[in-house]
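The stops below go from a sheet to a cavity.

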Amino acid sequence: MTEIEGNSEKMDKRKSRSQLLVFTGGAALLAVAVNLAIVAISNRKKKKELPGFELRVNLSASEILNLADRIIAKSKKVHDAVASVPPNKVTYSNVISPLADLEAEQFPQVQSCVFPKLISTSDDVRKASAEAEWRIDAHVQMCSKREDVYRVVKAFSTRGEQTSAEQKCFIQCLVRDFERNGLNLTSSKREELLRLRVQIEELSLRYIQNLNDDGTFIPLSEAELDGLPKEFFESLDKNENGQFKVTMRSHHTAAILEHCKVGMTRRMVAMTYGKRCGEVNLSILENLVHLRHKFARLQGYSNYADYAVHYRMARSSAKVFEFLESISDSLTDVAAKELASLKDLKKQEEGESPFGIEDLLYYVKKVEDQEFNLDFVTLKQYFPVSLVLSGIFKIMQDLFGLRFEEVIDAEVWHGDVKLYSVFDLNSGELIGYFFLDLYTREGKYIHTCVVALQNSALLSNGTRQIPVALLISQLQKDVDGHAGLMRFTEVVNLFHEFGHVVQHICNHASFTRISGLRVDPDFVEIPAQILENWCYESVSLKLLSGFHQDITVPIKDEVCESLKKWRHSFSALKLKQEVLYCLFDQIIHCAENVDIIELFKHLHSKVMLGLPMLEGSNPASCFPCSAIGFEAACYSRVWSEVFAADIFVSKFRGDLLNQHIGLQFRNKVLAPGGAKEPIDVLSDFLGREPSIQAFIDSKAEYSL
């Protein structure tokens, strides 16, 4: 996913927590109606009854919109009923329980309306799904601002009635979400909060639109692009002079910075890319930061970073600074060694020309090609899709004590889609379902991801809902329409996302709002990042691989070792560059009236071991995540990667398929969902607080 695509998409995501209404069909009264119904049923696969499966698939456009309207009507009815409870008569059963049941019952129905926009083969259905999402989201936003409901919930929360730890967590989430919409403020402050939020959203959209609309290009000759592959030239237009028009889109600039042998071209492209939208977006970013600080202060925080981080695992901007600076300082020696080797290589190839940040990708790749001798085209022949899937299934089943069974004749939306039931291996209990929708097709969502379709929840009547997940990917079939071969990066991505499937299925939280993937954003990626390690270990990698013409021939041990070294090559230097951006993001959201360009220039030289910022670079162009999507939270990916490394090294690395450890992880880390504090969950599993040391050691272990 590109930076711009990812951030634009962030703006479009909905917090659809609205609720459900079950449809029933009436009996036909006339014989002709019966005959028409028989014809309709024969053309539509009969739904297979699945225990605990509430999701509805293959709804028509009109059914989606009708269901959305019914969801909204039922939700309004329940919220009205809760709001009518007198403050002196509030109880768990007449305030909290109805809201919890509403979320649990309606979540799969909301998803029935919303997820078709990602996967449907019908343009009309996708449009109806997007419209339904808009309607439901508008209703959810309205409910989150209902002062009458907030007063009743707040009245219950202050009564001191005995509740379980999970119930208390759910109640805290309800109160928090109301108060983050300003319902604990005076009406004038609440109006100001709403005005600020609208301004922030408008500026954020304008910022992204400016980058999307930017048409800057550089005319370059074939000689100036020496080193680029044939496919790159085929993707470019030419000007009237026969020069190639290189646009400042990330896929063009990344290719040049990684492959182009001409240092001046790399520098020119990097500088031009870093100046996109110039003063316009810099001004927008400055205004955004100012408005965010005002927004945070209205809610009682000293700055926006503290507001953004308060309910995350890190808890405070001071903790984030401590974490980032500790990581950066600990990596300095390894990164300096890596940088020195790159400078030497550039000197050999280009003479005395100074090494700049624009040279980093090119010389890293050059060393990797020389040192590791990895032919990723040949490597692809060892990853047939079917074999990779069977390997993933075996690893996940053996490690976590699970059993996967394909549901034959399940109702799906395309012939390529498969549905699986998930059982506990020991008890045989059904614990969830997941869909696999792996292959590219027109109209389908273009990224690999996991979507929660039904969450774990315990209703007040004692019924437990079980999780349902959807894994979407964009794998290619071969020329004959059969399952093809996978690039190694696709294998890693699929394994990562399958980690999210297991994470979703294995949780047993009692409330939809804190179950499955609806956990702390600093925590949600940790399980999947832990599991990525299996793609680089010889024992597990051989379970995932086999030569496509003879699957009994796995990848060689030396290739497995090269992949592990390749993964960690120059990782200290790369990570310091990421830490640079994270520190920049955190500082501008902690302090007012910061000179953004001077700050970036100072940080660049300090963190990147003296490498200067490219002349004229605009951090608002280089790093749009600070403007939208991850503002004051850019640290989160590094945070989860560090703690994932600690868990893998401490618990799994010595015995990758140890089911005893796997079950502990499943029960202690995955099962609670968001019902427990993440730091307590990880500390309980590790037997101590998480540490950065294993992460630092791994970088040093594979340094040059």
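Two strands count as paired if DSSP finds at least two bridges between them. Helices (H or I, at least four residues) and strands (E, at least two) are DSSP runs, numbered from the N terminus. This is a predicted model, in which local features need pLDDT of at least 70 and side-chain atom pairs count only at pLDDT 80 or more, while totals for chains, interfaces and linings use all residues. Residues are numbered from 1 along each chain as its sequence is written, and side-chain values use heavy atoms, with hydrogens and water left out.

Select the 5 strands of the open sheet, whose order is 4-5-6-10-7 and whose pairing is mixed. Strand 4 (402–406) and strand 7 (449–454) are the edges; each has a single partner strand, so one side of each lacks a neighbour in the sheet. On average, neighbouring strands are turned by 25° against each other, direction ignored.

**Strand 4 and strand 5.** Next, select residues 418–424, which form strand 5; 5 bridges join this strand to strand 4, and the two run antiparallel. Show E406, which stands opposite Y420 in strand 5.

Axes are lines fitted to C-alpha atoms, for helices over the stretch in contact, and angles run from 0 to 180 degrees between N-to-C directions.

**Strand 10.** Which strands pair with strand 10? Strand 6 runs parallel to strand 10, with 6 bridges, and D437 has I472 as its bridge partner. Strand 7 pairs with strand 10 in the antiparallel sense over 5 bridges; there, Q454 stands opposite V468.

**A cavity.** Finally, select Q503, N507, G516, V519, F523, V669, L670 and G673, which line the second largest cavity. On a 1 Å grid over the protein atoms alone, a cavity is a set of points where a 1.4 Å probe fits but cannot get out; lining residues have an atom within 4 Å of a point. The second largest cavity holds about 40 Å³ of space, the volume being that filled by probe spheres set on the points.

Conventions. 1 Å grid on protein atoms, 1.4 Å probe; cavity = no way out; pocket = protein on both sides within 12 Å on 5 of 7 lines; lining within 4 Å.
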